[in-house]
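We will walk through it stop by stop.

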Amino acid sequence: MIFEAAQCVKCGLCLAQCPTYGLTASEAQSPRGRIALIQALDRGQLQGDRHTADLLDSCLLCRRCEKVCPSGVPFAALMDKGRAMVRPSLPVQEKWLAAILSRPWLSRVLVASGKLLPKGASLGRFAAQASLRTLGLKPHYFPKGKKAAGRVGLFAGCTSALLDREAVQAALALLLQAGFEVVVPVAQQCCGALDAHAGNAGRAARLMKANESAFRDAGPLDAIVSIATGCGAQLHDYESLPAPHEDICSFLARREVLEKLRFRALDASMAVHLPCSLVNVLQHEQAVLRLLERIPGLRAAEVGRRGACCGAAGTAVLLRPRVAEHLRTPLVEEIAVFSPDGVLSGNVSCRMHLAAGDDQAGRAYLHPLVLLAQQLIRE
């Protein structure tokens, strides 16, 4: 029996927070409606057919409902269990995408060959930039000419290493400049989010154990930092990492770390998108803004409803493009009105999704780390 579902008292405070309920006004596509479906499945009162699977699969897992729930319902964990129960009826495309994207060697080959994404897909022009050279990471990096301030494990992530190479290199530059030895365990795997959300609980658990083991074998660590907020949200729920996990922007924004970093002035305006995984799960959104304030002359303004989903939601941007585009529209319009020089977002899928809807040619879409590294005064 799934006991966590009993925590939901069906108060309805989550309804106004749910993007799919906002689009459909359907109780079955609300958090409490989906919990009721999971309870019925668990009790054998409902069969896990294609319709039920579709209702559960339509959840974007922005976890905004968790943040406002007075009962503390672990909604994401419930959704993973519910999708596991209906996995045979989940769309083949979702299971296929999860299987490929969570295996870096396979996704690198297919992206490089242009076969992973259909021509004209919203992520296509970014995926085309990826190639087989994207994983040239070393296991250890040491700060030059200074005693290490600490030892940090870096979770590169399969998607970041594939499509967000600049952010990985920026993370290394910032950590090294702050005086940290950086360990990048070669045995680390996908975080497991894609498999967990596709109902493949067994593989998600195996990936979690593999990553915990990889970082444990790396020796003593002061912290484990992640780059993509979607991966960070998954690591946040790991059972036994050998060191505290933290989003890298939160780690860099610590006073004792930030005081070691200096940045060149930049006369530019940037729109800042704070992913739902950062706001609702990691809850480190202030750290990003604090870091950007350290760049003299930079004008940074937050766009979008804080904690709301932009529509990317992992593989949802490919599986449910109309929903993704509908949720993206208000953000794209706000960016157009602001007309910034660039847009910053800490999650690669969000950033690519927003960029694909932007009509302004040449506007830069970057991970905040990349902008910080570009302006970093290196010693």
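Are H10 and H21 parallel, perpendicular or oblique to each other?

**Before you start**

This is a predicted model, in which local features need pLDDT of at least 70 and side-chain atom pairs count only at pLDDT 80 or more, while totals for chains, interfaces and linings use all residues. Residues are numbered from 1 along each chain as its sequence is written, and side-chain values use heavy atoms, with hydrogens and water left out.

With the whole protein on screen, you are looking at 21 helices and nine strands. Helices (H or I, at least four residues) and strands (E, at least two) are DSSP runs, numbered from the N terminus. Of the 379 residues, 57% are buried, where buried means under 20% relative accessible area, exposed over 50% and partly exposed in between, using a 1.4 Å probe and protein chains only. A contact is a pair with heavy atoms within 4.5 Å. Among contacts with a separation of 6 or more, 73% join residues 24 or more positions apart.

**Stop 1: H10 and H21**

Select residues 165-177 for H10 and 368-375 for H21. Their axes come within 8 Å and cross at roughly 50°; axes are lines fitted to C-alpha atoms, for helices over the stretch in contact, and angles run from 0 to 180 degrees between N-to-C directions. H10 and H21 are therefore oblique to each other. The scale is this: under 35 degrees is roughly parallel, over 145 roughly antiparallel, 65 to 115 roughly perpendicular, and the rest oblique. The crossing of H10 and H21 is left-handed, a label used if the near helix is turned anticlockwise from the far one by less than a right angle (right-handed if clockwise).

Now show side chains. H10 brings Glu166, Ala167, Ala170, Ala171 and Leu174 to the contact, and H21 brings Leu369, Val370, Leu372 and Ala373. By class, that gives eight nonpolar, no polar and one charged. Here Ala, Val, Leu, Ile, Met, Phe, Trp, Tyr, Cys and Pro count as nonpolar, Asp, Glu, Lys and Arg as charged, and the others, Gly among them, as polar.

**Stop 2: the largest nonpolar core**

Stay with Leu369 and look around it. Leaving aside neighbours within four places in sequence, leucine 369 contacts Ala167, Ala170, Ala171, Leu174, Ile227, Ile248, Cys249 and Leu252.

Next, select Leu154, Leu174, Phe251, Leu252, Leu298, Leu369 and Leu371, which touch the most other members of the 51-residue largest nonpolar core. Such a core is a set of buried Ala, Val, Leu, Ile, Met, Phe, Trp, Tyr and Cys residues joined through side-chain atoms within 4.5 Å. H10 supplies its largest share, seven residues. Another core of 22 residues lies apart from it, with Ala5, Cys8, Leu37 and Cys59 among its members.

**Stop 3**

Alanine 253 sits in the loop between H14 (248-252) and H15 (255-258) and is buried at 7% relative accessibility.

Then select H17 (residues 285-292), a mostly covered helix with six of its eight residues buried. Those six are Glu285, Ala287, Val288, Leu289, Leu291 and Leu292.

**Stop 4: H2 and H5**

Go to H2 (residues 31-42) and H5 (residues 75-85), whose axes come within 10 Å and cross at roughly 45°. This crossing is left-handed. To see the contact, select Pro31, Arg34, Ile35, Ile38, Leu41 and Asp42 of H2 with Phe75, Leu78, Met79, Gly82 and Met85 of H5.

**Last stop: two loop residues**

Most residues other than glycine have a negative phi. Select arginine 63, which has a positive phi of about 65°. It lies in the loop between H3 (50-57) and H4 (64-68), and is buried, with a relative accessible area of 13%. Finish at serine 339, with a positive phi of about 50°, in the loop between H19 (321-338) and S8 (342-345). Serine 339 is partly exposed, at 46% relative accessible area.
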